[in-house]
Amino acid sequence: AGIINFCANNYLGLSSHPEVIRAAVEALEKFGAGLSSVRFICGTQSIYQDLEEKIARFHQREDAILYASCFDANAGIFEALLTPEDAVLSDELNHASIIDGIRLCKANKYRYKHMDMQDLEAKLKEAQKHRLRLVATDGAFSMDGDIAPLREICQLAQKYDALVFIDECHATGFLGPNGRGTDELLGVMDKVTIINSTLGKALGGAAGGYTTGPKPLIDLLRQRSRPYLFSNSLPPAVVGCASKALDLLMESNAIAQSMAAKTQRFRSKMTAAGFTISGKDHPICPVMLGDARLASVMAEDMLNRGIYVIGFSYPVVPKGKARIRVQISAVHSDEDIDRCVEAFTEVGRKHGAL
C-alpha cells in the first residue's frame, strides 16, 4: 500500500485507463480468449485489420503488420528484407532484439559507434559496394534515455542512398507534438522508411508489436516474415485495448504533451540535488551510480520509502555503468515526482552517492 511505481513502461498511464480496460473486455466477450490460429489460417478477423489500418494512419504510413511482440517484429524484418548482396548499419547500443534480428539475416553487417555520425558516414562510404543499405537505430535508447540524431542520420542516408529503420518502442505515444514518435519530434517523418514499435508500453501496456511502412514491404513481410507466419494471432483483448489507446491519442494530444513538463520537473530537481541523469528530455531518466551494489541497495531503500525502482547493472548495461532507471508516466502527479526526488536524496546521502 502506498507504493508508487517509477519503473514501468506505462508512459501514458493507459494500461489502467477505464476506456482501455472496457475495450479489452468487449473484445474478449465478442471474440473469445484467442483465435487458436496463426494469421494466415483463421487468425485474421476484423479487429486485426482495423488495428493495422489505425497504426498505419497514426504513423502516416501506407500499411502495418502486427506481431506478438516488437522483439518478433525485429526478428522478422531483416531476414525477409535483406540478402547477402545488401548491408545493414547498426548503432552499437541498439536493443538486443535488433541485434538478434540482424544476426538472422545474411546481409553484410556494419556497427557504428553510438550516435556517432562521422563513424556512420565512414561505414556508409564503405558499404557503397553493396546493393542496398539499411541504417538501423533505436529512436530512443532504453538504457540511456538519449534520442537518436535522426535528422543527421536521414541526411546521411539521402547522401549515400540508404534506407532508414527505427525502433520506436520507447517513443511511440509520447514523443513529438502528437506522440507519433522520434521522427515526428525531429521533423523527418517523410524520410524514415520503416518503423517497428510496440503495443506493450505506451499503447495499452499489454503485449504486441508491429512494423509500419511502405505497402510493398508489408506485403513482403506477410509472405516471408517467420515470426508473423508461425506465431498465433494476438489475443483479441490485447487488440481491443491497443486500438482504444490509439483512438485516445488520435482524438487529443493532451496526454502526450503532458509528459514534457513532468519529465523536466524530475530531471531538473534530481540534477539540482546532485545526481547525474543520463539522456535528455526523455521520460527514461537513468540515475547514474556506477557501482552495481550501490544501485541495488539504493533501490531496496527506495522501496522502503514507497518508491518502486530497480537497479540495472552488467550485463544489462556496461560494467561500471550501473544505474537506477526511473521512468516518468503521465499518471505521476507533481507530488509523486517530488516524493521520488526526496526519497532519492535521502537514500543517496545515506549511501554516499551525494
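Is Asp161 buried or exposed? Select Asp161 to begin: this residue is exposed, with a relative accessible area of 58%, where exposed means over 50%, buried under 20% and partly exposed in between, with a 1.4 Å probe and protein chains only. The model is a predicted one, in which local features need pLDDT of at least 70 and side-chain atom pairs count only at pLDDT 80 or more, while totals for chains, interfaces and linings use all residues. Residues are numbered from 1 along each chain as its sequence is written, and side-chain values use heavy atoms, with hydrogens and water left out.

**Backbone stops**

Asp161 sits in the loop between helix H6 (150–159) and strand E6 (163–167); helices (H or I, at least four residues) and strands (E, at least two) are DSSP runs numbered from the N terminus. Although Asp161 is not a glycine, its phi is positive, at about 55°. Next select Asp281, in the loop between helix H11 (254–273) and strand E9 (284–290), which also is not a glycine and has a positive phi of about 55°; with 47% relative accessibility, Asp281 counts as partly exposed. Then go to Tyr314 and Pro315, which are joined by a cis peptide bond with omega of about 10°; Pro315 lies in the loop between E11 and strand E12 (322–327). Most residues other than glycine have a negative phi, and most peptide bonds are trans.

**A surface patch**

Select Ile3, Leu303, Tyr308 and Ile310, which make a nonpolar surface patch of about 330 Å². Ile310 is found in the loop between strand E10 (307–308) and strand E11 (311–312), and is partly exposed, with a relative accessible area of 35%. Such patches take residues with over 30% relative accessible area and no salt bridge, nonpolar side chains (Val, Leu, Ile, Met, Phe, Trp, Tyr) being joined within 5 Å and like charges within 9 Å; a salt bridge is a side-chain nitrogen of Lys or Arg within 4 Å of a carboxyl oxygen of Asp or Glu. Accessible areas come from the Shrake-Rupley method with a 1.4 Å probe, and for residues only the protein chains shown count as cover.

**The cores**

Now turn to Leu120, Ile153 and Leu199, which touch the most other members of the largest nonpolar core, a set of 60 residues; a nonpolar core consists of buried Ala, Val, Leu, Ile, Met, Phe, Trp, Tyr and Cys residues joined through side-chain atoms within 4.5 Å. Helix H10 (residues 236–251) gives the most to this core, with 8 residues. Because domain 1 (17–251) and domain 2 (253–351) both give residues to this core, it lies between them; the domain bounds come from an automatic or database domain assignment. Apart from this core lies another, of 26 residues, among them Phe275, Val309, Ile337 and Val347.
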